[in-house]
Amino acid sequence: MTTFSDLGLSQKVLSAVTDAGYTVPTPIQAGAIPFALQRRDICGIAQTGTGKTASFVLPMLTLLENGRARARMPRTLILEPTRELAAQVAENFEKYGKNHKLNVALLIGGVSFEEQNRKLERGADVLICTPGRLLDHCERGKLLMTGVEILVIDEADRMLDMGFIPDIERIAKMIPFTRQTLFFSATMPPEIQKLADRFLQNPERIEVAPPSSTAKTVTQRLVAVPNKDYEKRSRLRDLIRAQGDLKNGIIFCNRKKDVADLFRSLERHGFSVGALHGDMDQRSRTNMLAGFKDNQITLLVASDVAARGLDIPDVSHVFNFDIPIHAEDYVHRIGRTGRAGRSGAAFTLVAKSDAKYLDAIEKLIDQKIEWLDGDLSALPAPTEGEDEGRGRRGTREKGDRERGDRGKGRERRAGHKSEAKTEHTNPVEAEEIEVARMEPVASERKVDRRPSPGNRNARPNPANDDQRERRRNHYRDHDDGPTPVGFGDEIPAFMLIVANAKS
DNA sequence: AAAAAAC
């Protein structure tokens, strides 16, 4: 059997790998590392969860041991589609590079230029970037790409989806032809293959099967829900409470606005919850993800920014509040659970109008997913207009039954009890009020938050989103009051990677 | 019907 010591990695790297508890490489690692060490170009077809990151981090560390970086002339460059993925790769360099004295610079948007500039001045051995911020640095003349020996293009198919390819081409043009290029993609459709042909020279192609663990260890269920958001939220709460074995869970929505709305709704109902989407300020994004990883937050409401690649080892549940529009996103989302052979559960809320998306998913994964209790035909007939209590029929019964048996997911924050328990005889009305109130200003936070008749009919005004976001940031930065995430003086190591220069 | 990414 192949072990890490058979791959040609340096002693420093091997000892860090051993310390991390690994002895046997994954197929992509065993396949790619020897060729990477020979300075060959690589075309790796591998999904996240296959150990892909280490398959380029480890040989890069070994290759970087000879030589030293000069100011503003990075020696290697890694491109990632999202800030979170970039930060994750940086963490890998910390972990496996602990015996090296390498300068690793994380160049991502949403944080200040100062720290990044300092690192570039000092000379970076490794640059890990999202494309926009890298180009920004280049345009400011802070960066000379002529010394780059190794270029890594990660998640190429996703870069394509996200329209990053022109940026990638611009960046690649600045890097000498003599470089080594490591190219990774989860899939290889013709478009990506053409791209690979442009970037790579005589590449070694390594293809590994997608991790089969998901299909085997994740219990997938569909939950028929009415179309209305408040009814879906109510059903979701019942579902979460019914999970006896919920350790933590990610709840996916299709839109950023719905992430924000559902987050506030769950927060108001007393759940331990965070949110993650691309319009949040980077500080909150970092905090939320770190809090979730540290188990300070039980539930994370997220957009598809969290669907792919994020390595959170132990997620017990995935909830699709919205069914994904693109079937392949379903696979990525549920791939957040059941990792490393653990068991996981994935629930997808399905409304009548979602039928065609469900068909596409079942076709893609080539299996029928079981309904939790009753399929779409069990739903009450759709109605027009509002009448009392309508629509919760079918969910209320179950909700009431389970109300006495709350899962671990329900964690009420001290001091918020009375707010979370506001009484309403009419569930529709209760939810309306909740939505109207979901964005308290700091000053309101400490005063009486019980609904007053005056704002019963108030609706959130989308035009105020910016203003509300600013207020929210203000609140997060300056208010010491209860919030769903807070580290006090405990700054997670994850944040320090972004915030502090490594000495 | 969306999301992601620079200021």
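**Reading the labels in this model**

Student: Why is Asp322 called buried?
Tutor: Its relative accessibility is 7%. Buried means under 20% relative accessible area, exposed over 50%, partly exposed in between (1.4 Å probe, protein chains only). So 7% makes Asp322 buried.

Student: What am I looking at, and how is it numbered?
Tutor: This is a predicted model; local features need pLDDT of at least 70, side-chain atom pairs count only at pLDDT 80 or more, and totals for chains, interfaces and linings use all residues. Residues are numbered from 1 along each chain as its sequence is written, chains are lettered from A and ligands numbered from 1 in the order in which they are written, and side-chain values use heavy atoms, without hydrogens and water.

Student: Which residues does Asp322 touch?
Tutor: Lys232, Phe252, Cys253, Asn254, Arg255, Asp258 and Arg333, leaving aside residues up to four places away in sequence. Contact means heavy atoms within 4.5 Å.

Student: Is Cys129 buried or exposed?
Tutor: Buried, because its relative accessible area is 0%. Cys43 is buried too, at 3%.

Student: What makes the pair of Phe56 and Phe184 tilted?
Tutor: Their centres are 5.4 Å apart, with 40° between the planes. Aromatic rings (Phe, Tyr, or the six-membered ring of Trp) pair if their centres lie within 6.5 Å; planes under 30 degrees apart are stacked, over 60 edge-to-face, the rest tilted. So 40° gives tilted. Phe56 sits in helix α3 and Phe184 in strand β6, so the pair ties together parts 128 residues apart in sequence.

Student: Why is the pair of Phe319 and Phe347 called stacked?
Tutor: The planes are 15° apart, so they pass the stacked cut-off. The centres, at 5.8 Å, count as a pair. Phe319 lies in strand β12 and Phe347 in strand β13, 28 residues apart.

Student: What makes Arg83 a polar contact of DNA strand B?
Tutor: A side-chain N or O atom of Arg83 is 2.9 Å from a phosphate oxygen. A polar contact is a pair of N or O atoms within 3.5 Å (within protein, one must be able to donate a hydrogen and the other to accept it, and residues adjacent in sequence count only if both atoms are side-chain atoms). So Arg83 qualifies.

How values were computed:
Helices (H or I, at least four residues) and strands (E, at least two) are DSSP runs, numbered from the N terminus.
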